[in-house]
Amino acid sequence: MPFPLLCLGNPLLDIQAVCPTEFLEKYDLKANDAILADEKHMPIYEEILKYDAKFLAGGAAQNTARGAQYVLPADSVVYCGCVGEDKFSDFLREANKKEGLYSAYLVEKDQPTGKCAVIVTGTDRSLVTDLSAANHYKIDHLKSPEIWKFVEDAQYYYVGGFHLTVCVPAILALGQHAAETNKVFSMNLSAPFLAQFFKDQMDSVAPYWDILIGNESEAAAYAESHNLGITDVTEIAKAIATLPKANTKRPRHVVITQGADSTIIVTADATGVTGAKVYPIRPIAASEIVDTNGAGDSFAGGFIGSIVSGKSIDEAVEVGHWLASWTVRLNGPAFPYPKIEYSA
């Protein structure tokens, strides 16, 4: 059966624990950041287990895919990425199956499934990712008859920005197909380091962005790496929204979240900026916040899922805020069960 939304990203096992700030200092980490692990970070994955760590299905785009499926009818979302042949990939498949998300994984037998240490300090979270198998995704998998059929059947695409470090040809293939067939291509900026160190890869896929989602620190990193000379979030969003576009039949929406502050959306078409709007978030008492890990992914899932279901941008933002407001009340990138329906 056709899945209206196809997502591409890096499937990871999240190993999450509440840790003292000394743990961050030991590994030279920031409290609210996302990085790729290098050699000095490798002991983290064993050491974090001392802090009553939990195993959770993760990977930003996979979280978003699960969030989108949460607000959509059954069998609406298919997710692609690369995993190993091990118990952790089985764990991810089971977690996705519980959410109703279809896993269309490439299996790399010689690599373990990727993992992400999620170090929680207060309401902040620092992500340290060892991609392993996730780093071995290949366009041959996407272009295989079985998977490309999913691509052709889908009407919407979502790609995690982290995949810019893995397989740009696969992102380009989805973007080009979307532009040629007038389908919706969406992406996430995902982390500041991507705009800083993978600028050329990011710029190569930018013409295909119909919807771009990011947060204020990612927008700031984009502005700095592109020498925009501006720091105002709305102005940065306007600069991105008016970049050259492959499919001029559709407008571009740039969605910038700001944690506990309002979300900003700028819309532009071939004539220039056509709208800039501020959306207050759903207020939550500090006492209700358990964990902010995955909040941005949940917002993206609620937002994209709503667009897939035919909702307006205004409605989609509301659903995104609603889903994120539930995720921060739970441990890890999770959603309430029994399942609850969105209410305005």
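This is a predicted model: local features need pLDDT of at least 70, side-chain atom pairs count only at pLDDT 80 or more; totals for chains, interfaces and linings use all residues.
Modeller: Ala, Val, Leu, Ile, Met, Phe, Trp, Tyr, Cys and Pro count as nonpolar, Asp, Glu, Lys and Arg as charged, and the others, Gly among them, as polar.

Biologist: How many cavities of 30 Å³ or more does the search find in the whole structure?

Modeller: Rolling a probe the size of a water molecule over the atoms shows where empty space is left. Here the search finds two cavities of that size.

Biologist: Which helix gives the most to the lining of the largest cavity?

Modeller: Helix α7 (residues 168–181), with three residues. The lining includes G175, K183, F185 and D210, and its residues divide into six nonpolar, two polar and three charged.

Biologist: How do the residues lining the second largest cavity divide into nonpolar, polar and charged?

Modeller: Seven are nonpolar, one is polar and none is charged. Among them are L5, Y156, S186 and I304.

Biologist: How many aromatic pairs are there?

Modeller: A pair of aromatic rings is described by the distance of the centres and the angle of the planes. The count here is 13 aromatic pairs. In one of them, F3 and F150 have ring centres 5.6 Å apart and planes at 75°, so the pair is edge-to-face. F3 lies in the segment before β1 (5–8) and F150 in helix α6 (residues 145–153), so parts 147 residues apart in sequence are tied together.

Biologist: Are F3 and F150 buried or exposed?

Modeller: Both are buried. By contrast, the rings of F55 and F88 have centres 6.1 Å apart and planes at 15°, so that pair is stacked. F55 is partly exposed, with a relative accessible area of 39%; for F88, also partly exposed, the value is 29%.

Key:
Residues are numbered from 1 along each chain as its sequence is written. Side-chain values use heavy atoms; hydrogens and water are left out. On a 1 Å grid over the protein atoms alone, a cavity is a set of points where a 1.4 Å probe fits but cannot get out, and a pocket is an open set with protein on both sides within 12 Å along at least five of seven lines; lining residues have an atom within 4 Å of a point. Grid points are joined across faces, edges and corners, and a volume is the space filled by probe spheres set on the points. Helices (H or I, at least four residues) and strands (E, at least two) are DSSP runs, numbered from the N terminus. Rings of Phe, Tyr and Trp (its six-membered ring) pair if their centres lie within 6.5 Å; planes under 30 degrees apart count as stacked, over 60 as edge-to-face and the rest as tilted. Buried means under 20% relative accessible area, exposed over 50%, partly exposed in between (1.4 Å probe, protein chains only).
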